[in-house]
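Dear colleague,

I am passing on a structure that I have been going through, and I would be glad if you kept it open while you read the notes below.

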Amino acid sequence: MSIVQRIALIFTIIGAINWGLIGFFNFDLVAAIFGDNSAISRVIYGIVGICGLINLGLLFKPDDEV
């Protein structure tokens, strides 16, 4: 796994945790920290979305042979 994929995976996990907080507790951590619908929070949501697309390639990556 490349460095870019590892960083993207970290951002994707953070985004998944945020969605879990929204689903279970109706609490948006990004909006609480950076403001509701602010430019910074929209950029963070965009970065998480792009990282999710990057990680989509991991589904089609062949397994390493032992």
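Predicted model: local features only at pLDDT ≥ 70, side-chain atom pairs only at ≥ 80, totals over all residues.

Residues are numbered from 1 along each chain as its sequence is written, and side-chain values use heavy atoms, with hydrogens and water left out.

To begin with the record, an unreviewed UniProt entry places the feature "transmembrane region" at residues 7-27 and 39-60; the positions are given in the numbering used here, the feature names are shortened, and such annotations may be inferred rather than shown by experiment. In the model, residues 7-27 are 90% helix and 0% strand, with end C-alpha atoms 25 Å apart. Residues 39-60 are 82% helix and 0% strand, and in that span the end C-alpha atoms lie 33 Å apart. Helices here (H or I, at least four residues) and strands (E, at least two) are DSSP runs, numbered from the N terminus.

Asn26, in the loop between α1 (3-25) and α2 (29-34), has a positive phi of about 55 degrees although it is not a glycine. Asn37, in the loop between α2 and α3 (39-56), likewise has a positive phi, near 60 degrees, and is a residue other than glycine. As background, most residues other than glycine have a negative phi. Asn26 is exposed, at a relative accessible area of 70%, and Asn37 is also exposed, at 56%; buried means under 20% relative accessible area, exposed over 50%, and partly exposed in between, with a 1.4 Å probe and protein chains only.

On the surface, Phe24, Phe25, Phe27, Leu29, Ile33, Phe34 and Ile40 form a nonpolar patch, with about 780 Å² of accessible area together. The elements that give two or more residues to this patch are α1 and α2, and the largest share, three residues, comes from α2. The areas come from the Shrake-Rupley method with a 1.4 Å probe, and for residues only the protein chains shown count as cover.

The C-alpha atoms of Phe34 and Ile44, which are ten residues apart along the chain, are separated by 9.5 Å.

Ser41, in helix α3, is buried, with a relative accessible area of 0%. A polar atom of the Ser41 side chain lies 2.9 Å from the backbone oxygen of Ser38, and a polar atom of that side chain lies 3.3 Å from the backbone oxygen of Gly35. A polar contact is a pair of N or O atoms within 3.5 Å; within protein, one must be able to donate a hydrogen and the other to accept it, and residues adjacent in sequence count only if both atoms are side-chain atoms. Beyond its neighbours within four places in sequence, Ser41 is in contact with Val30, Phe34 and Gly35.

Ala8, in helix α1, is buried at 2% relative accessibility, and, with neighbours within four places in sequence left aside, Ala8 is in contact with Cys51, Ile54 and Asn55. The C-alpha atoms of Ala8 and Ile50, 42 residues apart along the chain, are separated by 8.1 Å. Leu58, in the segment after α3, is partly exposed at 25%.

With best regards

How values were computed
Patch = residues over 30% accessible without salt bridge, like charges linked within 9 Å, V, L, I, M, F, W, Y side chains within 5 Å. Salt bridge = Lys/Arg side-chain N within 4 Å of Asp/Glu carboxyl O. Contact = heavy atoms within 4.5 Å.
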